[in-house]
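Student: I have a model open and want to learn how to read it. Where do we start?

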Amino acid sequence: MASGAELLLIVVLLPLLPYKAAFSSHKLTLHLPPHCLHYLPQITHLLALSCADWDAACDLNCVQSTRSMQVRWALISALTSLRPSDSLRRFRHIHVTRRFEAMEKEAVSPDSSAGCGQRLGETVVKEGKASVLFPGANEVFYNPVQEFNRDLTCAVITEFARETLAQRGVRIIVPGEKDRMVVSLTEEEKDEKETEQAEEKKGERRGETVQEERKEAEFKTAEVGKRCDEGLCVLEGLAASGLRSVRFALEVPGLKRVTANDFSAKAADLITRNTQHNNVTDLMETQNRDASMLMYEARGKNARYDVIDLDPYGSPAPFLDAAVQAVSEGGLLCITCTDMAVMAGNSGETCYSKYGSISVKSKYCHEMALRIILHSLDQHANVYQRYIQPLLSVSVDFYIRVFVRVRTGQATVKNSASKQALVYNCVGCGTFHLQRMGKRTSQGKNMKYSAATGPPVGESCPHCGQRHQLGGPIWAEPIHDVGFVQKVLSAVAGNPSRFGTSKRIEGVLSMVTEELQDVPLYYVLDQLSSTIHCNTPSMLQFRSAVLNAGYRVSLSHACKNALKTDAPAAVLWDIMRCWEKKNPVKRERLSETSPAFRILSTEPTVQACFDVRDDANPQSRKRHLTRFQENPQANWGPKARAKSGGGITSELEDKRKLFQGKRKNQITDSSQLKNFPCKKFRKGTCTHGEKCCYSHEAEQQEP
């Protein structure tokens with residue numbers, strides 16, 4: 001009796017009797033699973049076409065039109081068997097076959113049980129509801145520390161789907177969300193009068209509840225793990241192992257399709273196996289493409305994605321232009337940046353080449369990094385008459401993450417110039433000033449646009465006399481949508497068992513809702529005290545002094561000791577002068593040219609009151625929420641880049657060992673410095689002579 005594959009081959013060849021001669025020298029076996037039998041007409045057409053014109057049959061668009069990776073494997077196998085010798089070279093240049101060539105080397109077909117199961121040296125990584133296969137070597141990138149990133153993304157996309165699908169008549173169902181509650185940062189008990197009023201209105205609410213239930217009955221429902229025809233199309237452009245995409249399919253309701261793409265053939269193979277391992281083949285599809293080209297091909301209005309997630313190793317700059325075009329109207333962009341050394345001011349010229357903005361090395365660098373990527377996204381979108389609306393922007397651990405909506409509107413795009421600003425940062429005292437790039441004036445129903453006037457500062461700082469650095473442009477508008485953030489916060493707090501990092505998400509989002517949205521950047525209390533060389537006041541004392549002076553103040557999720565306030569810099573320095581009078585500094589030790597001497601030489605015009613106020617302590621701090629957690633493990637932080645052969649380079653390991661504990665073994669005895677050569681002596685610029693604490697022996701080498 002013939003095998004299943006041979007029987008299938010007979011079925012395929014039956015319609016090809018006119019081309020019987022063309023198959024006389026070929027023995028063809030197709031690896032095609034039973035659930036893909038409905039693709040037989042397409043396979044038959046391609047095989048018939050190959051007999052007459054093999055080049056046309058191997059056309060890239062024709063092969064890629066099939067979504068099932070297993071069927072594409074069968075097509076490639078068939079076309080390979082039928083190809084003429086002179087077409088061999090062209091066939092191998094079709095990039096869609098790279099993944100299948102790798103599978104041929106491993107002797108594994110997509111439908112075989114060995115291809116789906118765990119291979120030798122692989123481990124199973126469990127996160128959320130997903131369980132993915134992961135190679136032991138560093139061939140595919142994975143960082144367990146970013147579980148918070150993936151949990152937060154699932155929470156944000158769930159609320160985005162709730163809002164978007166409600167307009168399409170679909171109601172999403174999240175497991176464990178029946179007892180959903182609204183988060184209240186105040187924990188006061190209800191008064192007896194309110195209880196009595198609630199009982200009186202109970203009957204009225206029953207009638208309203210019945211009406212709401214009738215409305216909900218008219219809605220379609222979308223559950224987790226099930227395909228929704230009216231749902232969202234999601235793209236993860238740089239999927240690596242596919243963990244994030246698998247979690248979307250298993251944990252986010254209301255999805256129509258999740259596309260997991262990676263340029264690496266090994267990563268694409270792993271994504272396909274993880275898709276089958278988690279039984280989400282009906283929701284997920286794998287692409288082995290360049291992320292930018294895949295998004296450029298989806299620029300048409302009917303082909304755009306509702307959600308695009310980009311989490312690259314390093315900078316997302318090469319993908320931003322394609323992303324702002326491929327996302328649908330009102331769609332969601334989720335962008336991660338891990339190149340914080342560039343965005344935090346260590347290399348301003350590199351930051352300008354990638355994001356069109358110069359970063360400044362300052363205490364507020366983490367929020368400035370958020371505003372730099374938002375500026376870059378808005379600038380790319382403006383080219384195509386589109387603009388962004390930030391929903392949530394967070395700086396956590398070693399990376400930043402932004403969630404923005406992208407909309408289209410030529411009139412609104414004109415406002416973008418007035419949303420950007422340059423930053424003047426004093427190198428002495430750290431005072432900063434913002435200069436808007438454009439000016440917008442309302443004239444009745446019309447809006448007048450003009451060039452901004454400036455600069456807002458003189459040639460030197462009015463407080464310490466030092467020079468200014470120029471940075472930016474940056475996004476100067478609010479970086480959060482507080483209403484949307486509160487919805488995400490309520491959903492996470494009402495269903496804490498949904499995510500492994502729910503406590504931290506609740507703490508970070510609570511701080512986000514408390515921030516002053518109309519105040520860009522922040523000061524750091526430690527820096528203010530360090531500038532004038534005095535003791536640091538407590539956070540409650542300084543916040544109370546600002547509030548007593550008549551200004552607003554808040555904390556920031558980006559820095560533990562940050563102060564966001566609408567008080568001018570002159571008021572802050574007056575408060576520090578008043579604090580210094582209570583905790584005097586030895587003036588004789590200060591240099592006359594130092595920022596501390598010049599600041600303290602001026603008498604304060606505002607008399608600060610440091611009496612602690614109740615409203616100076618925010619609710620997130622009173623409730624002891626997890627806001628700034630400690631490092632979870634040793635060698636914590638960004639992982640090494642994945643490489644084709646796996647493993648980590650020896651240079652990286654040596655560099656880690658070199659800098660491990662470098663601050664623990666500091667030299668405390670100045671006599672030990674004689675063991676090190678004087679660098680200025682080598683250049684011939686040392687003026688200390690024999691009194692120099694370093695060695696002037698030219699033949700001595702650095703240990």
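Tutor: Start with burial: buried means under 20% relative accessible area, exposed over 50%, and partly exposed in between (1.4 Å probe, protein chains only). Phe-432 has 11% relative accessibility, so it counts as buried. Ala-451 is exposed, because its relative accessible area is 64%. Ala-451 belongs to strand E15 (residues 446-451).

Student: What should I know about the model and its numbering?

Tutor: This is a predicted model: local features need pLDDT of at least 70, side-chain atom pairs count only at pLDDT 80 or more, and totals for chains, interfaces and linings use all residues. Residues are numbered from 1 along each chain as its sequence is written, and side-chain values use heavy atoms, with hydrogens and water left out.

Student: How many aromatic pairs does a search of the whole structure find?

Tutor: Rings of Phe, Tyr and Trp (its six-membered ring) pair if their centres lie within 6.5 Å; planes under 30 degrees apart count as stacked, over 60 as edge-to-face and the rest as tilted. The search of the whole structure finds four aromatic pairs. One of them is Tyr-364 with Phe-432, edge-to-face, at 5.0 Å centre to centre and 65 degrees between the planes.

Student: Which parts of the chain does that pair link?

Tutor: Helices (H or I, at least four residues) and strands (E, at least two) are DSSP runs, numbered from the N terminus. Tyr-364 sits in the loop between helix H17 (348-355) and helix H18 (365-382). Phe-432 is in strand E13 (residues 432-436), and the two are 68 residues apart. Tyr-364 is buried, with a relative accessible area of 2%. Ring pairs also bring in Tyr-523, making a cluster with Tyr-364 and Phe-432.

Student: Now the open sheet. What is its strand order?

Tutor: Two strands pair if DSSP finds at least two bridges between them. The open sheet has seven strands in the order E7-E6-E5-E8-E9-E11-E10, with mixed pairing.

Student: Which strands stand at the edges?

Tutor: Strand E7 (284-287) and strand E10 (386-396). Each has a single partner strand, so one side of each is left without a neighbour in the sheet.

Student: How do strands E9 and E11 run, parallel or antiparallel?

Tutor: Antiparallel: seven bridges join strand E9 (residues 327-337) to strand E11 (residues 399-408). Ile-335 stands opposite Val-402 in E11.

Student: Which strands does H18 touch?

Tutor: Contact means heavy atoms within 4.5 Å. H18 packs on the sheet, touching E9, E10 and E11.

Definitions and conventions
Axes fitted to C-alpha atoms, helices over the stretch in contact; angles between N-to-C directions.
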